[in-house]
Amino acid sequence: MPPRGDPEIQLAKLTLDPTHQPELTLSPRLDELTLGSACHPELTLDPARQPEETPVPNLAELTMEPVHCRPELLDACADLINEQWPRSRASRLHSLGQSSDAFPLCLMLLSPHPMPGAPPIVVGHARLSRVLDRPQSLLVETVVVARALRGRGFGRRLMEGLEAFAQARGFHRLHLTTHDQLHFYAHLGYHLGEPVQGLVFTSRRLPATLLSAFPKAPFPQPPSKAPSLTAQSAPRAPRGPLVPPPPPLPEPVTTLPPPPAGPLPQSLLKTQYQDLRGCPIFWMEKDI
C-alpha cells in the first residue's frame, strides 16, 4: 500500500501547477463595452430641435390699426397691457371692447408674423380720447410697448403713428401724462402743459354744450311756493336770543376740481400735479 503523502504538499502542487491556473482575460463583450466608442457618444444637439429666436420686427413693416377693426387680436392686446399694468382680464377686455371710431379709440402697433398666414403680432398700444371743451385735441393714454422691444425705436414709431392717425382725422393737438418718461416725450417735441379732462364717451347726437354741462351740474334748489292771496298774520317775534343763519351749503364736488387761476408751476424735475394715488404726474402736450 503506497504511503500517503502530506496533504499540504499535495495542495501546494495543485496550486502551483500552471495547468490549473485560470487565464485572467477579459470577455470580448466587456472589452467592447469599456473600450468601444458606443460608450462615449459625442455631445451634439440636433439643429432641427434647437429653439429658434424670434426675429426683431422691422420698423418699416409696422402698421397701426384700431383694435375694434381686429377683434381677433383683443386677447393679445390685453396681455400686452396687463404685462405693464396688471388688471382683471375681464375688465381689460371690456375696456378694449369700448373702442370705436367715435372715441375713445384703442390703436395697436402691429408687426407681420414671420409665419405666412398667421395673425400679426401686437407690439404696442395707445388709447385716444376726446378732450372736454377742446374739439381739436385728443388725450393719449395707456402707451405701452412690448418689454423685449423697448429701447429700439418702437416707442417713437408708436407715437409717430398715432400722431399721423390723429392729424388725418382733423385733430391738431395731443395731450398726455407721464410719471418718468419726460425726456422721451420731450425728445419727440412734447412740452409741459395744463391738465385737461378726457371724455369717457362721445356721441354725435349729443352737442358739445350738453357734454360741457356734465361736470358743472347745478345744485338742486328746493321748489318755490306760490304766493298765497289770503291775508296772513304778522309774524310773531322770536323768543330768546336771535339765532344766526346757517352757513351756506358747500358747492357740489365735480369729477375734477376746478382749475386754478393760472397754471401750476412745473418743470422737468418737479411738478405740483398728482394722480389719484398721490404720485407726481407731468402734463405734456404737442401741436401736430
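β2 (105–111) and β3 (121–131) pair in the antiparallel sense over seven bridges; strands are DSSP runs of E of at least two residues, helices runs of H or I of at least four, both numbered from the N terminus, and two strands pair if DSSP finds at least two bridges between them. Within this pairing, L107 is opposite A126 of β3. This is a predicted model, in which local features need pLDDT of at least 70 and side-chain atom pairs count only at pLDDT 80 or more, while totals for chains, interfaces and linings use all residues. Residues are numbered from 1 along each chain as its sequence is written, and side-chain values use heavy atoms, with hydrogens and water left out.

β3 also pairs with β4, in the antiparallel sense and over seven bridges, and S129 has L139 in β4 as its bridge partner. The two strands form a hairpin with two residues between them, where D133 in the turn has a positive phi of about 65°.

The largest nonpolar core has 39 residues, and L128, L162 and Y190 have the most contacts inside it. Such a core joins buried Ala, Val, Leu, Ile, Met, Phe, Trp, Tyr and Cys residues through side-chain atoms within 4.5 Å. Beyond its neighbours within four places in sequence, L162 is in contact (heavy atoms within 4.5 Å) with residues including L107, A126 and L128.

S99, in the loop between α4 (89–97) and β2, is buried, with a relative accessible area of 7%. Its side chain reaches the backbone nitrogen of C106 at 3.0 Å.

Terms used:
Buried < 20%, exposed > 50% of the residue type's maximum accessible area, 1.4 Å probe, protein only. Polar contact = N/O pair within 3.5 Å; in protein donor to acceptor, adjacent residues only side chain to side chain.
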